[in-house]
Amino acid sequence: MSFFNTATTSTVAPTAPADKDIEVADPPADSISSLAFSSAADYLAVGSWDNNVRLYEVGAGGQTQGKAMYGHQGPVLSVCWNKDGNRVISGGADNAARMFDITTGQSQQVAQHDAPIKVAKWIETPQGGILATGSWDKTLKYWDLRTANPVATVQLPERCYTMDVMYPLLVVGTAERHIQIFNLTNPTTAYKTITSPLKWQTRVVSCFTNSPSSGFAVGSIEGRVAIQYVEDKDSSNNFSFKCHRKDQTPNSKDQSLVYAVNDISFHPVHGTFSTSGSDGTIHFWDKDARTRLKSFEPAPGPITATTFNRNGTIFAYAVSYDWSKGHSGMTPGHPNKLMLHACKDEEVKRRPKK
């Protein structure tokens with residue numbers, strides 16, 4: 001456990017332009033992989049390729065202060081919080097998940113796999129809290145943190161690339177475009193297995209927040225997003241759309257540059273969602289009205305991770321290298337920023353259906 005230099009806080013004066021996003025002081029020194037806000041307060045957990053998880057407190061005026069930091073033995077790939085918002089759980093390339101208690105300042109290992117843990121998600125069930133971890137060892141494991149061994153292990157068809165949960169729905173996206181859908185009332189058997197509706201590798205899945213268990217969004221490396229409903233009776237509502245593309249020459253749609261969709265975050269109140277990409281842009285969408293609400297290009301460089309706070313008033317995003325161009329694309333001086341955007345109603349509220 002180590003604290004940041006608490007002298008470095010970034011404060012935005014009330015006179016700052018309303019549209020100006022706030023840069024967080026003391027960001028990680030390497031690419032940012034994952035962001036998550038606490039459900040209890042505006043504490044932001046940030047996982048990085050520098051092997052550390054950092055916790056920041058965000059004040060009412062957008063000022064931020066580093067509160068705590070703890071480490072893994074390898075890059076951190078995923079962060080989440082427990083239901084009470086007082087413990088952070090992280091999964092990493094050291095094949096371990098760790099839990100950090102913000103009241104005691106102590107961290108401990110709580111899960112183990114045979115390969116990197118790509119995603120860790122907290123599940124709040126009627127019986128209590130369970131940790132789910134998805135790994136490149138092709139397993140999904142469920143953990144009761146009072147015991148050392150997993151309560152259940154599920155074999156996945158391939159390596160876990162992404163996972164999201166909105167009880168009772170859990171969705172796992174793996175290599176080779178497999179998507180497994182679980183009803184957590186029966187957590188060890190896939191309720192349904194589908195092939196991704198998108199033709200290219202799955203980068204992210206994200207569950208709807210405004211109608212739990214009804215569906216999820218999928219983002220691929222080829223600048224597309226699919227809106228997918230779980231039940232066949234709702235399949236007429238399934239659709240996909242292009243995004244995160246740039247036309248190379250005017251009026252020539254066939255010549256567009258295509259970028260990966262790196263993250264999808266659903267608004268906790270309105271059920272609208274954001275997409276962020278390797279092209280350095282962020283878009284807010286309304287899936288029901290099938291319309292784009294806002295677009296912005298905050299900084300040069302890929303947007304690697306995004307998240308809304310618990311009431312949807314703050315949108316946090318990370319600008320850093322996303323490895324979409326491999327090792328050769330990691331050029332010196334690559335931006336590494338952690339940014340906060342104050343959400344306005346017109347950006348995130350649903351539009352009337354046409």
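**View 1. Strand 26 and strand 27 (residues 291-296) run antiparallel and are joined by five bridges.** The model is predicted; local features require pLDDT of at least 70 and side-chain atom pairs pLDDT 80 or more, whereas totals for chains, interfaces and linings use all residues. Residues are numbered from 1 along each chain as its sequence is written, and side-chain values use heavy atoms, without hydrogens and water. Strands are DSSP runs (E, at least two residues) numbered from the N terminus, and two strands pair if DSSP finds at least two bridges between them. Tryptophan 285 has arginine 292 of strand 27 as its bridge partner. Four residues lie between the strands of this hairpin, in which arginine 290 adopts a positive phi near 50 degrees.

**View 2. Strand 25 (residues 273-277) pairs with strand 26 in the antiparallel sense over four bridges.** Serine 274 is bridged to phenylalanine 284 of strand 26.

**View 3. Strand 26 (residues 282-286) is largely enclosed by the rest of the structure, because five of its five residues are buried (under 20% relative accessible area, 1.4 Å probe, protein chains only).** Ile282, Phe284 and Asp286 point one way from strand 26, and His283 and Trp285 the other way.

**View 4. Phenylalanine 284 and phenylalanine 315 form an edge-to-face aromatic pair.** Ring centres of Phe, Tyr and Trp (its six-membered ring) must lie within 6.5 Å to pair, and planes over 60 degrees apart count as edge-to-face. Here the centres are 5.1 Å apart, with 85 degrees between the planes. The pair links strand 26 to strand 29 (residues 314-319), its members being 31 residues apart.

Notes: Buried means under 20% relative accessible area, exposed over 50%, partly exposed in between (1.4 Å probe, protein chains only). Rings of Phe, Tyr and Trp (its six-membered ring) pair if their centres lie within 6.5 Å; planes under 30 degrees apart count as stacked, over 60 as edge-to-face and the rest as tilted.
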